[in-house]
Amino acid sequence: MEYFVDAAYESLNHYGEELCGDKVEFVRTDDFFLAVLADGLGSGVKANILSTLTSKIIATMFANGAGLTETVETIAKTLPVCSERGLAYSTFTIVRVSKDGSVFTAEFDNPSLVYFKKTELSDISRELIEIEGKQIYVSSFQADVGDMIIAFSDGVVHAGVGRLLDLGWQYDNIVKYICENIRPNMSPRELNHRLLGAVDTLYMQQPGDDSTSVSLLLKPSNPATVMVGPPLNPEMDEIVVKKLMYSKGLKVVCGGSTSQIVSRVSGRELKVLLDYENPSVPPTAAIGGIDLVTEGVLTVGKCLDIIKAYTSTSAANNTELVSLTKKDGATKLAKLLLEDCTEVHFLVGRALNPAHQNPGMPVSLGLKLNLIKDLAAELEKTGKKVTLEYF
């Protein structure tokens, strides 16, 4: 089985600082997924420079096949020295997950990462090695579907120092909190949001240190193919519909004309479903063998708004995660793209819809191609692999 890593992170800046001293890098290759969390010395600009250099070097070198020793040696020779402390210092946590589920981790001076098999806390056997005078804990283990790996910076551990807690939140209490809040297949974004929401509360909304949480959830690979709009040349209808019907994973059709084409070519009945809950979102439909059938530009536009709102929520601005449990077409599409699938392939038709040329209709309806590009860009921000194919 091939595994997909659903990953997300969230950060709280040190109070009064515009830049975060923590930096996270994600790299997705054909063979593995890599997450790097670096925490620069101090806070503000200097810390941001140190953590950015560290995370970028690690991500770039690992992606190009370098080993841990070579990478750490490069970091030691590259980081600028802080004029105040005389140190070139950034902690880091590295997690590399191969497509077969094998995991390699390396941790230097960050709080120990936490590993859950499903929702059960699991110990990791670590080995201590020394590279360039740095004591680094490394581990290798096999993960499975539903397992989650969580890493965080020391700002999380120190939450509440000098305010609500004399000694800060402390590591064991953080692990206990995660154990009490984790649920089966909980999204990484929701876990980060809950954890940093608690951190922000303990700091009384004035974080005394940069605080970051990174969560990785292993999922089975489940691609989605989304057909949007009729092909420019009607002779391509059958080719595009066959691409959709023979694709692996989830199948989605967006657009009234598009759904009629799929129904005609596949010989399967198109049924409009009138039991929808949001009058501002057009109703969905059903075609045998298709997982979701929605209206076109209006629904895709509202789906894009939902995804933007979902990805912009943070503990720092005290906003709640957008609910993806509603049953309207836009929310169903957003949930499928954000949570149900692991990668997305858009089949984009370039034919103009005559309805969109009506001068009385909003201009945005004529911008279908840009809408799909914006949707693809937002999905890529969440770590999805997105491809677009035009017809």
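**Close-up views of a predicted model**

**View 1. Phe92 is found in strand β4 (residues 90-98).** Strands here are DSSP runs of E with at least two residues, and helices are runs of H or I with at least four, numbered from the N terminus. This is a predicted model, in which local features need pLDDT of at least 70 and side-chain atom pairs count only at pLDDT 80 or more, while totals for chains, interfaces and linings use all residues. Residues are numbered from 1 along each chain as its sequence is written, and side-chain values use heavy atoms, with hydrogens and water left out. Phe92 has 1% relative accessibility and therefore counts as buried (under 20% relative accessible area, with exposed over 50% and partly exposed in between, for a 1.4 Å probe and protein chains only).

**View 2. Tyr9 and Phe26 form an edge-to-face aromatic pair, 5.8 Å centre to centre with 80° between the planes.** Rings of Phe, Tyr and Trp (its six-membered ring) pair if their centres lie within 6.5 Å, and planes under 30 degrees apart count as stacked, over 60 as edge-to-face and the rest as tilted. Tyr9 belongs to strand β1 (residues 3-12) and Phe26 to strand β2 (residues 22-28). Tyr9 is partly exposed at 39% relative accessible area, as is Phe26 at 28%.

**View 3. Phe152 and Tyr171 form a tilted aromatic pair, 5.9 Å centre to centre with 35° between the planes.** Phe152 lies in strand β10 (residues 148-152) and Tyr171 in helix α4 (residues 171-181), so the pair ties together parts 19 residues apart in sequence. Phe152 is buried at 0% relative accessible area, whereas Tyr171 is partly exposed at 27%.
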